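Please examine the sequence and the model before reading on.

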Amino acid sequence: MAEISPLLVFDSPAILAGRPALWQEWARFGVCVLPQAVMAELERLTRQAIDPAEESTARAFLRHWPSLGFAVSEARALVGEANTGKQSLRVRLEQAIAECAYALAQQQPGSLVVVVSNDRPLVERVQELGLANLCAISLAELNRWIRQRQRPQAVVMAWKRLPGPPIPATPLPPSPTSAKPPSPAQKGSQAVQRRSPVGFASKSVQNSLALLLALAFFSAAGLLAWRVLDPAGSEGIWRRLPLSWLPWLRDL
């Protein structure tokens with residue numbers, strides 16, 4: 001049977017287990033999607049990863065990401081527990097992946113939506129959500145499916161549950177958040193770059209005004225001192241000053 005392009009939803013460890021050639025291979029096989037929470041986790045790992053290898057791979061993925069064709073999705077549909085405040089980061093990430101995959105499966109009911117994760121609890125949770133076109137597989141199963149055309153059992157079962165032949169997954173439309181989220185340092189740098197021309201111009205105007213006021217003050221003080229000390233010598237210039245018509249200045 002010919003393969004129909006599935007919609008592949010990736011967990012962050014699955015991305016970290018890949019490399020540029022493998023990421024490209026996945027993108028050619030199906031419509032690849034990262035839940036927004038997964039993209040945020042990859043960006044976090046570029047700054048806070050404990051394992052240097054994870055940091056390096058996360059940086060490599062984000063560097064190649066614009067050319068890979070992986071979409072970022074904020075789709076969410078509540079599944080299971082709504083309160084995640086006291087749960088671990090990993091549990092909250094699993095919740096976000098499950099909710100995103102569930103929402104995407106609802107949006108494309110005729111297409112296969114496949115979560116790719118080596119996390120067994122997440123795989124089992126997705127399988128239990130009960131949508132006909134939604135399933136989950138490991139990274140090794142995905143690679144065998146691509147290279148050997150060996151469909152994972154979960155995919156075969158989801159295929160059979162569909163009411164008709166599966167429809168190729170539709171690429172996700174671009175969204176305002178479907179770009180690499182900048183790190184806090186990058187955000188600060190961008191903010192400084194946006195504000196700096198205005199800031200420099202304002203500071204320049206302030207400095208110029210201060211200089212003009214200082215020159216005017218010292219010039220006036222000098223003229224006044226000259227007038228007081230040498231009335232005869234300063235008479236001609238003094239009478240031509242714009243303010244010499246004022247009585248208290250004219251009589252100096």
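Contact means that heavy atoms lie within 4.5 Å.

## Basis of the report

The model is predicted: local features need pLDDT of at least 70, side-chain atom pairs count only at pLDDT 80 or more, and totals for chains, interfaces and linings use all residues. Residues are numbered from 1 along each chain as its sequence is written, and side-chain values use heavy atoms, with hydrogens and water left out.

## The surroundings of Ser73

Ser73 belongs to strand 3 (residues 71–73). Strands (E, at least two residues) and helices (H or I, at least four) are DSSP runs, numbered from the N terminus. Leaving aside residues up to four places away in sequence, Ser73 is in contact with Val33, Leu34, Pro35, Gln36, Cys100, Leu104 and Leu172.

Ser73 counts as buried because its relative accessibility is 6%; buried means under 20% relative accessible area, exposed over 50% and partly exposed in between, with a 1.4 Å probe and protein chains only. The side chain of Ser73 also reaches the backbone nitrogen of Ala75, at 3.0 Å.

An open sheet is formed by five strands in the order 3-2-1-4-5, with parallel pairing. Its edges are strand 3 and strand 5 (134–137), each of which pairs on one side only. Two strands pair if DSSP finds at least two bridges between them. On average, neighbouring strands of this sheet are turned by 30 degrees against each other, direction ignored; axes are lines fitted to C-alpha atoms, for helices over the stretch in contact, and angles run from 0 to 180 degrees between N-to-C directions.

Three bridges join strand 1 (residues 7–10) to strand 2 (residues 31–35) in the parallel sense. Within strand 2, Val31 stands opposite Leu7. Helix 8 (residues 153–161) lies across strand 4 (113–116) and strand 5, and runs at about 170 degrees to strand 5.

## Aromatic pairs

The whole structure contains five aromatic pairs. Rings of Phe, Tyr and Trp (its six-membered ring) pair if their centres lie within 6.5 Å; planes under 30 degrees apart count as stacked, over 60 as edge-to-face and the rest as tilted. The pair of Phe29 and Trp145 is edge-to-face, because the ring centres are 4.9 Å apart and the planes stand at 75 degrees. Phe29 lies in helix 2 (residues 20–29) and Trp145 in helix 7 (residues 139–148), so this pair ties together parts that are 116 residues apart in sequence. Both Phe29 and Trp145 are buried.

One aromatic cluster is made up of Phe10, Trp23, Trp26, Phe61 and Phe70. Phe61 and Phe70 are both buried.

Note on methods. A polar contact is a pair of N or O atoms within 3.5 Å; within protein, one must be able to donate a hydrogen and the other to accept it, and residues adjacent in sequence count only if both atoms are side-chain atoms.
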